[in-house]
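Please read the points below with the structure open beside them. They go from charged pairs to nonpolar regions and then to the domains.

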Amino acid sequence: MEASSPASHLLVNKSRIRLFGLSFDDCIRVFFGGNAIVSIIVLALITYFLFREGAGFFGQNRQNLTVYRQAGLEYIDFIRAQQDDHTALTRYLSDLRLRQFRHYTQEAKLPVADANAKLAVFDDFAGQFGDTVEPIRTLVSDLTEQASAIKEKFTVMEDKKEERRQLMAEGRKGDADRVIITPVNFAEELKPIIGTLPAYKEASAEFSRRIEQVLATAPVLPTPELQVRMDRFKQLTREYLSGFPAVVSHLESWDYAKPVPAVQALTSFIFGREWLTASFWQDWYGVIPLLVGSLMVSAVALLLAVPLGVGAAIYVNQIATPAEQKFIKPGIEFISAIPSVVLGFFGIAVLGQALRALSQASWLSWVPGFPYSERLNILTAGCLLALMAVPTIFTLAEDALNNVPRAFKEASFALGATRLQTVIKIIVPASLSGIISAVLLGLGRVIGETMVVLLCAGNRIAIPDFSAGLAVVTQPVHTMTGIIAQEMGEVVQGSIHYRALFVVGILLFFLSLGINYVAQIVVRRYRISIG
Amino acid sequence: MVITAPILMDTLPSAPTIRPATAPAPAATAPAGQAAPAAETLIDIDHVDFFYGQSQALHDVSLQIEDKKVTAFIGPSGCGKSTLLRCLNRMNDLIDGTRVAKGSIKIRGVDIHQADVDVIELRKRVGMVFQKSNPFPKSIYENITFGLRLQGVTNKARLDEVVEKSLRGAALWDEVKDRLNASGLGLSGGQQQRLCIARAIAVEPEVILMDEPCSALDPVATAKVEELIQELRTRFTIVIVTHNMQQAARCSDKTAFFYMGKLIEYADTRNIFTNPANAQTEAYVSGRFG
């Protein structure tokens with residue numbers, strides 16, 4: 001017993017510091033645990049906020065599409081589409097005129113005046129073809145006014161409803177009752193529009209007849225190559241004409257009361273090919289142009305950044321002397337310290353100019369898309385984003401290479417492999433999954449980048465023309481990140497446009513999440529394979 | 001992880017190989033299993049000083065390694081035996097700041113540190129098996145054929161033949177013949193080490209260097225590797241570094257004892273273990289120090 005008492009004395013907790021009944025150790029645990037929890041709570045709040053703001057979009061978009069139908073805009077767009085297709089055909093003709101003009105001036109070496117004289121017959125033909133649409137055009141512009149008026153009435157009604165709701169919310173019932181809401185009777189309002197169907201049929205028939213007449217007078221073009229294009233034009237026009245009955249049947253079967261399916265609110269966003277806001281006619285929230293823009297810019301960036309980043313990593317890890325390592329590693333990592341707005345500024349002021357000047361150099365004219373005139377385009381933004389992705393890819397790929405056991409390298413050398421053979425056949429395959437995940441994280445970095453693309457991608461909201469082949473990279477685009485940054489400051493809070501931007505944000509969030517998730521899976525597999 | 005030593009292998013012409021003009025044919029193509037004639041010196045290590053940066057690892061080491069014999073290097077940790085082994089195929093070139101300051105190492109009369117020696121060719125002739133088994137993260141088949149493919153062999157029949165021959169040579173064929181396309185990393189430790197031996201003999205070297213090949217293996221696997229060494233000694237010259245005195249006694253024909261970077265004694269294995277000339281050797285082999 002006597003021996004045990006000093007021992008038990010040693011075991012007594014001598015710590016005297018207590019805070020809210022917690023010992024010092026507990027406090028430290030709470031402090032660090034608290035930090036971790038705060039980060040996770042913030043993440044959860046951000047996610048919640050994103051979804052809460054974005055979720056309302058689909059209801060509003062359905063409403064948007066319903067009004068589009070009920071106010072008769074959809075009806076008129078059938079006819080308008082017909083008119084737009086005709087415009088496309090006239091554009092084909094003006095392209096053909098340009099080709100003939102080039103033929104006359106460059107190959108036949110005619111003076112400009114003579115060339116124009118030779119083109120007189122063709123110009124006459126093209127002019128007549130352009131005029132054929134006149135009956136339709138008059139009809140469309142009349143209908144447009146009428147439908148806009150209906151939509152305007154609906155908007156006013158919605159505004160009044162909102163006003164009354166607000167007054168009620170403020171408790172001013174008397175004022176609220178004084179707000180007059182004029183309900184819109186769509187059936188009644190649409191009657192004059194639908195009533196034009198016979199007139200349309202007549203106009204369409206007239207239109208069709210005129211086209212046939214004009215087509216019969218099509219001139220013969222000077223070279224076989226041009227004649228092929230002329231024949232192609234005739235064929236396109238005939239196809240166009242054969243689509244007329246379909247338009248009529250669309251119009252006949254059209255019903256303003258047909259409900260818009262709920263899923264269309266989603267599909268019109270995901271597959272929508274138009275992002276058109278603050279339009280006098282109809283707003284469209286289709287994410288495709290933005291998504292394609294983001295992906296194109298990222299693809300160009302990765303195409304440049306992967307060889308640079310991985311190549312530099314291999315060099316630094318396997319070949320460079322310690323002195324070179326000391327210089328290259330911090331150098332590349334320093335790139336990520338450049339603020340993106342500075343890079344964007346550099347892109348506008350220097351890189352965009354320089355690339356355009358380069359594209360106009362005559363010895364580079366064989367490059368697809370060169371020369372080009374848009375200073376800000378996919379290529380400019382892609383080059384700068386590549387610069388931003390290089391440090392990420394470089395650092396992570398270098399780590400992956402570093403994780404390859406030295407024993408692999410020694411075994412390879414001991415079998416008589418050269419350094420290059422060892423790198424290509426042993427080191428890179430052994431670290432491949434690490435390198436892939438580095439590339440994926442680089443992609444995540446690129447796709448989420450905002451400032452550079454906002455400044456340098458050209459901000460034209462349109463799907464780039466892929467028929468141009470590789471030259472597509474010289475076209476301007478807009479991106480998902482760019483559109484949020486650009487438009488968020490101007491939209492009315494709670495409006496459909498505001499919510500649409502949030503949904504774009506959600507899509508971006510899921511894209512990044514997916515990329516990171518895949519990268520993590522790849523890394524996990526990599527760890528197992530090294531054993 | 002980065003090699004910056006003045007490695008010449010990428011830049012050297014491959015013409016001068018480690019073959020003296022007088023030798024009629026390389027031993028690698030000599031018929032295997034030929035009974036070893038009276039001791040013929042294959043590797044001549046002559047007064048070698050070796051440095052890691054400023055610290056000297058080998059002091060004036062001289063010894064002759066005989067053809068088609070097993071030579072064991074023993075000694076306490078840090079005595080320089082592995083360093084000397086790695087000098088024989090210039091693996092030390094991969095470490096920064098290493099150099100042979102004095103002396104020469106000749107294989108069949110050719111100084112392997114001469115500027116015009118092709119290190120790649122040297123390493124094809126002097127194979128190596130490491131302390132920790134290090135199969136590549138590839139299939140068993142690809143592991144064995146790696147060296148041959150480097151030499152440009154693509155003939156499938158030839159590769160198949162070498163794979164079988166090497167695996168039989170390493171006493172591994174029966175265990176893995178049904179899963180040649182499985183990963184080499186899926187084998188047990190002992191099998192992995194024998195796979196590494198098979199990989200080394202697939203390129204038909206003259207010399208096989210073994211750097212503590214059994215130190216990471218259990219006794220059963222160790223016994224198998226030792227048996228293998230007995231079979232290989234008829235075809236290859238083997239230099240083995242070991243911490244296991246019994247292993248040296250069992251496997252080798254000649255033994256060299258190193259201490260503090262110096263060669264203390266070099267003689268027939270029987271003599272080293274039964275009748276050492278040097279007091280330090282005796283103290284070490286009898287287990288009184290080291």
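1. In this predicted model, K124(B) and E121(B) form a salt bridge whose closest N and O atoms are 3.8 Å apart. Both residues belong to helix α2 (residues 119-125) of chain B, where they are three residues apart, about one turn of the helix. E121(B) counts as buried, because its relative accessibility is 18% and the cut-off for burial is under 20%.

2. R108(B) sits in the loop between β4 (98-107) and β5 (110-111) of chain B, and D67(B) in the loop between β2 (55-66) and β3 (70-74) of chain B, so the pair ties together parts that are 41 residues apart in sequence. Both R108(B) and D67(B) are buried.

3. Over all chains the structure holds 37 salt bridges, and one of them joins E398(A) to K329(A), with the closest N and O atoms 3.0 Å apart. Because E398(A) lies in helix α16 (residues 378-402) of chain A and K329(A) in helix α14 (residues 322-335) of chain A, this pair ties together parts that are 69 residues apart in sequence. E398(A) counts as buried at 4% relative accessibility, whereas K329(A), at 27%, counts as partly exposed.

4. Which residues touch the most other members of the largest nonpolar core? They are I43(B), I45(B) and F73(B), in a core of 97 residues. Leaving aside residues up to four places away in sequence, F73(B) touches several residues, including L63(B), I65(B), V239(B), V241(B) and F258(B). A second, separate core of 49 residues includes V140(A), Y200(A), F233(A) and L241(A).

5. F32(A) is placed in helix α2 (residues 24-70) of chain A and counts as exposed, with a relative accessibility of 53%. In chain B, V220(B) lies in helix α7 (residues 219-232) and is likewise exposed, at 59% relative accessibility. The C-alpha atoms of V220(B) and G190(B), 30 residues apart along the chain, are separated by 8.4 Å.

6. Chain A is divided into domain 1 (6-54), domain 2 (67-261) and domain 3 (289-360 + 368-389 + 444-530). Taken over C-alpha atoms, the centres of domain 1 of chain A and domain 2 of chain A are 67 Å apart.

Key
Residues are numbered from 1 along each chain as its sequence is written. Chains are lettered from A and ligands numbered from 1 in the order in which they are written. This is a predicted model: local features need pLDDT of at least 70, side-chain atom pairs count only at pLDDT 80 or more; totals for chains, interfaces and linings use all residues. Side-chain values use heavy atoms; hydrogens and water are left out. Domain bounds come from an automatic or database domain assignment. A nonpolar core is a set of buried Ala, Val, Leu, Ile, Met, Phe, Trp, Tyr and Cys residues joined through side-chain atoms within 4.5 Å. Buried means under 20% relative accessible area, exposed over 50%, partly exposed in between (1.4 Å probe, protein chains only). Contact means heavy atoms within 4.5 Å. Helices (H or I, at least four residues) and strands (E, at least two) are DSSP runs, numbered from the N terminus. A salt bridge is a side-chain nitrogen of Lys or Arg within 4 Å of a carboxyl oxygen of Asp or Glu.
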